[in-house]
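Let's walk through a protein model together. Have a look at the sequence and the picture first, then read on.

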Amino acid sequence: MSAIRHVLTLSCPNRPGIVAAVSTFLFEAGANIAEAQQYDDAETTRFFARIVFDHPRGVPDEAALRAGLAPIAERFAMRWALRDLADKPRVMLLVSKFDHCLADILYRWRIGELPMVPSAIVSNHPRETFAHLDFADIPFHHLPVTKQTKLEQEAAIWALVQETRSELVILARYMQVLSDGLAAKLVGRCINIHHSFLPGFKGARPYHQAHARGVKLIGATAHYVTADLDEGPIIEQDVERVTHRDSPDDLVRNGRDIERRVLSRALRWVLESRVILNGSKTVVFS
């Protein structure tokens, strides 16, 4: 079997014949379906699918695949994407002072768990803040920000996204709220990790608020960034139980662990084309 694999993701209004049309085309194109997952959302009457296929007959003609899929997509009003799984998306990482999520992502990238190309690390804090981290050859950009310079700083971030051809932007505990303008430019390709199991305690010192209320669960949420603060489509969440014996420092420590694993899982699933937007929600083929 050829080592080349493509992944096709699609969503469209549900109607008979979608799977038959796609699978027939792939068969006639000489492709072999290795994985297939689908979901019919009864509430929205939309159909979602993720199909991984390889090419036993040799090297595929990707342009021909796209040309053949286009009329099928038009017939069923599909939103679709096709990519070679060997192509690693370019990912920009934004971080502030707390670097536990950044360190975890870099470690998982180095051991091959996250199939991506880090295009840049951007922070509103200087490089010395992360002196203990090895950034290797990843370009680092210090872009300080104040209330007065926020628009100029975000313009610099957007310029970097374009210059580095970044396909994803990860807010790895980047403690600045993106403006509506930048959020709109990054819609569908910017992921944030929120230090709560949303909806939850908002504002400053969330773990201290949670402690004061005697919570029994703490958690974290990875979601797409939208103009509505912390209201974007959720990709992944996780929680841990806590008790009256846990101090705010205990909650912070446990929270860091949850944030790391939730963000890394969400990032890996997006890199593997397992996440499809469904209005204000997501379909995750995990």
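Predicted model: local features only at pLDDT ≥ 70, side-chain atom pairs only at ≥ 80, totals over all residues.

Residues are numbered from 1 along each chain as its sequence is written, and side-chain values use heavy atoms, with hydrogens and water left out. As for the labels, helices (H or I, at least four residues) and strands (E, at least two) are DSSP runs, numbered from the N terminus.

**The four-stranded sheet**

- Four strands line up in the order β2-β3-β1-β4, making an open sheet with antiparallel pairing (two strands pair if DSSP finds at least two bridges between them).
- At the edges sit β2 (32-41) and β4, each of which pairs on one side only.
- Neighbouring strands here are turned by 10 degrees against each other on average, direction ignored.
- Nine bridges join the antiparallel strands β1 and β3, and His 6 stands opposite Phe 53 in β3.
- Helix α2 packs on this sheet and touches β1, β3 and β4; its direction makes about 165 degrees with that of β4. Contact means heavy atoms within 4.5 Å, and angles run from 0 to 180 degrees between N-to-C directions, using axes fitted to C-alpha atoms (for helices, over the stretch in contact).

**Helix α2 up close**

- Helix α2 covers residues 62-76, which makes 15 residues, and it reaches 21 Å from first C-alpha to last, close to the 21 Å expected at 1.5 Å a residue. The expected span is 1.5 Å times one less than the number of residues.
- There's a kink of about 25 degrees at Leu 69, shortly before the proline Pro 71. The bend at a residue is the angle between axes fitted to the seven residues ending there and the seven starting there.
- Which residues of α2 are buried? Leu 65, Gly 68, Leu 69, Ile 72, Ala 73 and Phe 76 are. Buried means under 20% relative accessible area, exposed over 50%, and partly exposed in between (1.4 Å probe, protein chains only).
- The cover over those buried residues includes β1 (5-13), α1 (18-28), β3 (46-54) and β4 (79-84).
- At the start of α2, a side-chain oxygen of Asp 61 comes to within 3.2 Å of the backbone nitrogen of Ala 63.
- After α2 comes Ala 77, whose phi is positive, near 55 degrees.

**The seven-stranded sheet**

- Seven strands form another open sheet, in the order β7-β6-β5-β8-β9-β10-β11, with mixed pairing.
- Its edge strands are β7 (140-142) and β11 (234-241), each pairing on one side only.
- From one strand to the next, the twist averages 15 degrees.
- Strands β5 (90-95) and β6 (117-123) are parallel partners over six bridges. Along β6, Ile 121 faces Leu 93 and Ser 123 faces Val 95.
- β6 is mostly covered, with six of its seven residues buried.
- Helix α4 (150-163) packs on the sheet, touching β5, β6, β7 and β8 (168-171), and its direction makes about 155 degrees with that of β5.
- Helix α7 (248-271) lies across β5, β8, β9 (190-194), β10 (217-224) and β11, running at about 150 degrees to β11.

- Just past α7, Ser 273 takes a positive phi of about 60 degrees.
- Trp 269 lies in α7 and counts as buried because its relative accessible area is 12%.
- Not counting residues up to four places away in sequence, Trp 269 touches Ile 235, Glu 236, Arg 274, Val 275, Val 284 and Ser 286.

**His 195**

- His 195 is in the loop between β9 and α6 (206-212).
- Is His 195 buried or exposed? It counts as buried, because its relative accessibility is 14%.
- The His 195 side chain makes a polar contact with the side chain of Arg 173 (3.3 Å). A polar contact is a pair of N or O atoms within 3.5 Å; within protein, one must be able to donate a hydrogen and the other to accept it, and residues adjacent in sequence count only if both atoms are side-chain atoms.
- Leaving out residues up to four places away in sequence, His 195 touches residues including Met 175, Tyr 207 and Glu 259.
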